[in-house]
Amino acid sequence: MRLGINLGYWGAGMDADNLAVAQEADRLGYSVCWAAEAYGSDAPTVLAWVAARTERIDVGSAILQIPARAPAMTAMTAATLDSLSGGRFRLGLGVSGPQVSEGWYGVRFDKPLARTREYVEIVRKAMSRERLTHSGEHWTLPLPDGPGKPLKLTVHPVRERIPLYIAAIGPKNLEQTGEIADGALLIFFAPEHAEETTLGALRAGREKAGLTMEGFDVAPTVPLAVGEDIDALADTFRPYTALYVGGMGSREQNFYNRLARRMGYEKEAAEIQDRYLSGDKDGAAAAVPRQLIDSTTLLGPVERIADRMRAYAEAGVTTLSLTPAGFTLEERIAALRVGVEALERSGAAS
């Protein structure tokens, strides 16, 4: 198992600190630095900046939003970032959610699985520098009866195949991800529930494509908080968990709420959502079970974190991407270093 660092969204007032965190992760030997986007900072600009200021660490999008860009534009961006970084780019894709897709991009959140499959097919074809033609339900290239002609990418990526990841939560999306991607970007991954919530579906997709899990990158992002008071550390993540389980998406379309239910928190997930959507965010946070937080984060002193890292590795995780908690740069850097020490103690490093 390797370590990654997830910087999340840019523009929250800690941008200089985020760059320092990425540089320290590079120095410590972390394998990848991810950046996110929603409806604020965009990931490619951030990743270009980080790549220019680091030496060895890969840079990855977690995620580039499918409704935000035509697939050919995503291929151009991926090829450019791979070239600029010297072959260090990882392309993570995701459909986002209905509120962002329809409210920010004006793209209907319909048939997300079919749209993702078609999008990946076009991106791969474009990045391989084939002349781009496609006839599908969502995209037709070139457009018929017009002046368009099949073109091929003029930029040469450093590598023949840029690693492609998909952010997946639901069983059908996970299965398709196993079939068509090189890795899965995961959130709220609990080793104790890995097989029934995640790995079984990924494996089924790999088998459908005639592949095994060998070489497939299982890459959850996991919050990390270091200290002795486990209850206090868990409490710091209550608002974060409540936001996703209770308020990320609509009542009918909340992938994280469904995941919590599949993990056995049916009643609790319903209460968190009811409270959050009624405006009682504090009540929603209070309703988050301590065990749900503990099973999906890394909390405690280095010995306890090492034990949990071992559980993640044994569950099949190949890249454990950390989000170190802390309000100061010093706290986040210290957490990065604890991550390396804990991985070494766990015996799970690769």
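**A walk through the predicted model**

Ser31 counts as buried because its relative accessibility is 15%; buried means under 20% relative accessible area, exposed over 50%, and partly exposed in between, with a 1.4 Å probe and protein chains only. This is a predicted model, in which local features need pLDDT of at least 70 and side-chain atom pairs count only at pLDDT 80 or more, while totals for chains, interfaces and linings use all residues. Residues are numbered from 1 along each chain as its sequence is written, and side-chain values use heavy atoms, with hydrogens and water left out.

Ser31 sits in the loop between helix 1 (15-28) and strand 2 (32-35). Helices (H or I, at least four residues) and strands (E, at least two) are DSSP runs, numbered from the N terminus. Leaving aside neighbours within four places in sequence, Ser31 is in contact (heavy atoms within 4.5 Å) with Arg2, Leu3, Ile57, Asp58, Arg90 and Thr319.

Next comes Tyr30. Not counting residues up to four places away in sequence, Tyr30 touches Leu3, Gly4, Ile5, Ala25, Ile57, Leu322, Leu336, Gly339 and Val340. Tyr30 also belongs to the largest nonpolar core, which has 72 residues. Such a core is a set of buried Ala, Val, Leu, Ile, Met, Phe, Trp, Tyr and Cys residues joined through side-chain atoms within 4.5 Å. Those with the most contacts inside the largest core are Ile5, Tyr30, Leu91, Leu298, Met309 and Leu320. Helix 15 (residues 329-346) supplies the largest share of this core, seven residues. Another core, of 27 residues, lies apart from it; Ile169, Ala190, Ala234 and Phe237 are among its members.

Now the strands. Strand 5 (residues 89-94) pairs with strand 8 (residues 164-167) in the parallel sense, over three bridges; pairing requires that DSSP finds at least two bridges between two strands. Leu93 has Ile166 of strand 8 as its bridge partner. Strand 8 also runs parallel to strand 9 (residues 183-187), joined by three bridges. There, Ile166 has Ala184 as its bridge partner. From strand 8 the chain crosses through helix 6 (residues 171-180) to strand 9, a right-handed β-α-β crossover. Right-handed means that, with the strands pointing away from the viewer, the path from the first strand over the helix to the second runs clockwise.

Ala201 is found in helix 7 (residues 194-208). Is Ala201 buried or exposed? Ala201 is buried, with a relative accessible area of 16%. Not counting residues up to four places away in sequence, Ala201 touches Pro171, Leu174 and Glu175. Ala201 and Glu179 are 22 residues apart in sequence and 9.9 Å apart in space, C-alpha to C-alpha.
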